[in-house]
Amino acid sequence: MVKKKILITGGSGYIGSRLSLYLSQKGFHIIPLCNSKIPDNKEWIQSMYLILQGDLRDKATLNKIEAVRPDVIIHLVSLDHNQSGINVQQTLQVNVQSTWDLLSLSASIKLEKFIYFSTTQVYGQSSESVVTENTKLQPSNAYGLTHKMSEDLVDFYKRSKNLDAVSLRLSNSYGEPVFHDANCWSLVVNDLCKMAFENKIIVLNSDGNAAKDFIHYSDITDIIYQLLLSKESNSGIYNLSSGNSVTLLELAFEVQKIYKELYGVELNIFIKKNQLVSTLSRTKFKNRIPNVRLMQIVSYNSMSIQEGIRSLFKYLERNSY
């Protein structure tokens with residue numbers, strides 16, 4: 001059987017590097033596109049079929065992609081939440097124009113599938129307790145807005161070019177990176193675990209009542225693998241989430257509990273930076289982002305938040321200096 005060539009934009013990023021390595025181990029020819037320098041990681045480099053280096057804003061990079069003629073494109077490139085709010089032109093170029101340019105290549109390279117990583121931030125601050133793919137989109141920042149715009153582009157090419165195109169609204173990912181210096185330690189779960197491990201304290205800058213859905217990177221990679229194996233078109237929009245929301249305070253208590261299990265010490269938890277918390281209060285309202293639609297086409301054993309936290313602590317043990 002001829003191996004499919006899969007181009008992953010942002011292939012050396014936090015999710016991209018995990019996805020590249022996982023899919024390579026599953027037998028695909030993986031072509032990561034790296035905007036920055038190629039990571040100094042021999043195992044990862046040797047696992048790749050071909051590594052491209054370039055910026056999607058440059059025509060030369062698009063020409064490289066066209067030349068390798070991938071069967072599938074997985075598009076992960078985006079400025080992050082904070083960067084997206086700084087420079088309008090740059091944000092449009094990176095978050096929107098790059099999506100359009102890649103989609104425009106689909107006909108010439110006879111692309112089989114296009115998978116776009118969007119975000120649950122397209123929903124904004126929804127007042128609905130259950131946020132489904134049919135919930136009204138009300139993005140409250142440039143990050144969510146530009147991903148909504150790219151979703152519209154993906155849908156346009158799906159309808160007008162009959163492209164098998166999937167948009168995945170990713171919730172809050174977490175888990176240990178492939179590269180220790182990856183830009184992933186500001187992710188909430190990663191941040192709290194690293195803080196607990198290194199500083200022996202758990203601090204929230206807020207009151208901890210905000211509820212979020214956290215999904216482990218291993219679930220993300222497994223879901224993508226199953227989408228690639230599917231012989232049917234799964235075009236459409238799906239929530240890529242765990243389906244379970246926890247408040248940040250609940251998360252902090254889980255980190256505290258598992259740290260004590262592993263190391264025998266109960267760490268203090270502070271909210272609003274300096275207010276000590278000893279008991280867990282329950283919030284009256286939580287958004288839940290179900291993944292029912294996605295689970296109709298894939299099947300996997302989701303990693304629990306407790307398992308994910310333990311795995312992070314073990315990673316920090318192995319990589320402490």
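Modeller: Ground rule before we start: a charge sits over a ring if NZ of Lys or CZ of Arg is within 6 Å of the ring centre and within 35 degrees of the ring normal.

Colleague: OK, which ring does the charged end of lysine 200 sit over?

Modeller: That of phenylalanine 197, with 5.1 Å to the ring centre. Lysine 194 likewise lies over the face of tryptophan 185, at 5.9 Å from the ring centre. Bear in mind that this is a predicted model, where local features need pLDDT of at least 70 and side-chain atom pairs 80 or more, while totals for chains, interfaces and linings use all residues. Numbering runs from 1 along each chain as its sequence is written, and side-chain values use heavy atoms, without hydrogens or water.

Colleague: Which rings cluster with Phe197?

Modeller: Ring pairs link Phe197 with Tyr259, Tyr263 and Phe313. A pair here is Phe, Tyr or Trp rings (six-membered ring for Trp) with centres within 6.5 Å; planes under 30 degrees apart are stacked, over 60 edge-to-face, the rest tilted.

Colleague: How many aromatic pairs does the structure hold?

Modeller: There are 9. Take tyrosine 22 and tyrosine 225: their ring centres are 6.1 Å apart and the planes meet at 85°, so that one is edge-to-face. Tyrosine 22 is in helix α1 (residues 14-25) and tyrosine 225 in helix α7 (residues 217-229), so the pair links parts of the chain 203 residues apart. Helices (H or I, at least four residues) and strands (E, at least two) are DSSP runs numbered from the N terminus.

Colleague: Is tyrosine 225 buried or exposed?

Modeller: Buried, at 17% relative accessible area, whereas tyrosine 22 is partly exposed at 21%. The cut-offs are under 20% for buried and over 50% for exposed, with partly exposed in between (1.4 Å probe, protein chains only).

Colleague: And what does tyrosine 225 form with phenylalanine 28?

Modeller: An edge-to-face aromatic pair, 6.2 Å centre to centre with 80° between the planes. Phenylalanine 28 lies in the loop between α1 and β2, so this pair ties α7 to a part that is 197 residues away in sequence. Phenylalanine 28 is buried, at 12%.

Colleague: Switching topic: how many salt bridges does a search of the whole structure find?

Modeller: It finds 11, each being a Lys or Arg side-chain nitrogen within 4 Å of an Asp or Glu carboxyl oxygen. Aspartate 55 and arginine 57 make one, at 2.8 Å from N to O. Aspartate 55 is buried at 17%, while arginine 57 is partly exposed at 38%.

Colleague: Which residues does the network with Asp155 join?

Modeller: Start with arginine 159, whose side chain meets aspartate 155 at 2.8 Å, N to O. Both lie in helix α5, 4 residues apart, about one turn. Through shared partners, Asp155, Lys158 and Arg159 form one network. Lysine 158 has its closest N and O atoms 3.5 Å apart in the bridge to aspartate 155. By relative accessibility, arginine 159 is exposed at 56%, lysine 158 partly exposed at 26%, and aspartate 155 partly exposed at 28%.

Colleague: Last one, α3: which residues are buried there?

Modeller: In α3 (residues 59-68) they are Thr61, Leu62, Ile65 and Val68. Their arc around the axis is only 125°, which puts them on the same side of α3; the arc uses directions from the helix axis to the C-beta atoms. Lys59 and Ala67 are exposed on the other side.

Colleague: What do those buried residues pack against?

Modeller: β1 (5-9), β2 (29-34), β3 (52-53) and α4 (88-104), with contact meaning heavy atoms within 4.5 Å. After α3 comes arginine 69, with a positive phi near 50°.
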